[in-house]
Amino acid sequence: MFSWLGSDDRRKKDPEVFQTVGDGLKKLYRTKLLPLEEAYKFHEFHSPALEDADFDNKPMVLLVGQYSTGKTSFIRYLLEQDFPGMRIGPEPTTDSFIAVMHGDNEGVIPGNALVVDPKKPFRKLNAFGNAFLNRFVCAQLPNPVLESISVIDTPGILSGEKQRISRGYDFAAVLEWFAERVDRIILLFDAHKLDISDEFSDVIKALKNHEDKIRVVLNKADQIETQQLMRVYGALMWSLGKIVNTPEVIRVYIGSFWSHPLLIPDNRKLFEAEEQDLFKDIQSLPRNAALRKLNDLIKRARLAKVHAYIISALKKDMPAVFGKENKKKELIGSLGDIYKRIEREHQISPGDFPNLKKMQDLLQSQDLNKFQPLKPKLLEAVDDMLSHDIAGLMVLVRQEENQRPKPVVKGGAFDGTLDGPFGHGYGEGAGEGIDDAEWVVVRDKPAYDEIFYTLSPVNGKVTGANAKREMVKSKLPNTVLGKIWKLADIDKDGMLDDEEFALANHLIKVKLEGHELPSDLPAHLVPPSKRNISE
């Protein structure tokens, strides 16, 4: 059982004991952050109040992309089975948001029933009305992948103002709601369709402040030649660079995420490596879920504090009796100056302030006289949470992470290449010759022996100094050569015999070909004459 106790004077009187990170986050939110949000109408301006299900739910992956980029096929590829409500086709087929989640029985829960279920983290979506809820369902099925994560499939993004209006709800706002609560956002692009429509551009901009969650998949890459793939990749990076305003280069995974044969198999190894990297990223989500929720709560608390300063500043400048409407227009127009004043007075970073234009639009429908003045006690409670409580929870986060198994996400495509000859890198690099009866180094040993006997061996062995002169010719760094020496000097006598010298050269070749060195020498690389030496 994990717990932590506060150390300040107040907590000595009433010590807080949290069994899990989820319990801690729920209590801190309800007792310290929620009162501040309610006092300054935070939920009307930014985000609905959080509920217990928001802290308890499994990690979620949100798939976003234009129609026919393979979003639904991607989910089917991960699960290795169909899910209720699934439709795949070249035309826009998915017209609903589908939350694919684990359930004992296969079935579909419609949106209106879904938003009244307290165990699901979707209750606040009822604010988007029936136009959205009629296009929102939860597909439940007993699948091992879904025991660890949930996946949100979204309608294909279309182009043109007419398509946006015909949805009947604010598509970008719904995606922004999900983006705030999911653990990973995957943008899918078709290698043949890189144009970013107006609606897609709006969607990506709606994901602002969540860039750390975004990953990009260039799908259907097996349908184009290598030269064209390079050009497509460059064009995609250029297009994204104009919309995603981050100093870092966004991570793009290249592949073909469905179970059909590769049309052009030239880049098979690249696709396998990219797939494994993406799978590792998804498999890390359950281990990092508690930390993500903690990070999102801190982000929310910082925004709530700034919002409180803005609301109280507007209240302070409003007249008591006459000229309220004119003053309201004046204050909204000069909101940028109010931002700067608050920034100076409270030493707040400009990046912590909400979007100016959006804030001005929301203030138009508000009665500024009903706003609350600044309440220092509410702000002190949030400051106390950020400075003391969060630090204690961080310890608990690490303890919970260490208790989770690796990898956490299992089943479906995640098990497809886990073991056996079709695992990534099997039979390559240090794994070459793993199934051969003959020692793999024997193939090149005659050439290595010629070099060995030019190094003046004594009693059948060359010294470290003589071996070094030959090994440095590879131009590998000393740190790498030092690791190769440790792996090759099996009897640990500080010298190399002809077999050990051949092994060292084989490992040098493995590294020069771009493969990683093993941390321990695999059994198939141990020279036959040394296989009886106890480690």
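Arg-300 counts as buried, because its relative accessibility is 5%, under the 20% limit for that class. This residue belongs to helix H13, which spans residues 285-317. The model is a predicted one. H13 also contributes to the largest pocket, giving the most to its lining with eight residues.

**Surroundings of Arg-300**
- The side chain of Arg-300 forms a polar contact with the side chain of Glu-37 at 2.7 Å.
- Beyond residues up to four places away in sequence, Arg-300 touches several others, including Tyr-29, Leu-33, Phe-42, His-43 and Glu-180.
- Ser-47, Pro-48, Ala-49 and Leu-50 are also among the residues touched by Arg-300.

**The largest pocket**
- The volume of the largest pocket is about 1600 Å³.
- Its lining consists of 50 residues, and those nearest the centre are His-46, Glu-176, Glu-180, Asn-209 and Lys-358.
- At least two lining residues come from each of helix H3 (42-45), helix H4 (52-56), helix H9 (171-181), helix H10 (198-206), H13 and helix H16 (356-363).

**Strand E5 and its partners**
- In strand E5 (residues 150-153), Ser-150 and Ile-152 point one way, Val-151 and Asp-153 point the other way, and all are buried.
- Strand E1 (residues 60-65) runs parallel to E5 and is joined to it by three bridges; Met-60 stands opposite Ser-150 of E5.
- Strand E2 (residues 97-102) pairs with E5 in the antiparallel sense, also over three bridges, and Ala-99 has Ile-152 of E5 as its bridge partner.

Terms used
Residues are numbered from 1 along each chain as its sequence is written. This is a predicted model: local features need pLDDT of at least 70, side-chain atom pairs count only at pLDDT 80 or more; totals for chains, interfaces and linings use all residues. Side-chain values use heavy atoms; hydrogens and water are left out. Helices (H or I, at least four residues) and strands (E, at least two) are DSSP runs, numbered from the N terminus. Buried means under 20% relative accessible area, exposed over 50%, partly exposed in between (1.4 Å probe, protein chains only). A polar contact is a pair of N or O atoms within 3.5 Å; within protein, one must be able to donate a hydrogen and the other to accept it, and residues adjacent in sequence count only if both atoms are side-chain atoms. Contact means heavy atoms within 4.5 Å. On a 1 Å grid over the protein atoms alone, a cavity is a set of points where a 1.4 Å probe fits but cannot get out, and a pocket is an open set with protein on both sides within 12 Å along at least five of seven lines; lining residues have an atom within 4 Å of a point. Grid points are joined across faces, edges and corners, and a volume is the space filled by probe spheres set on the points. Two strands pair if DSSP finds at least two bridges between them.
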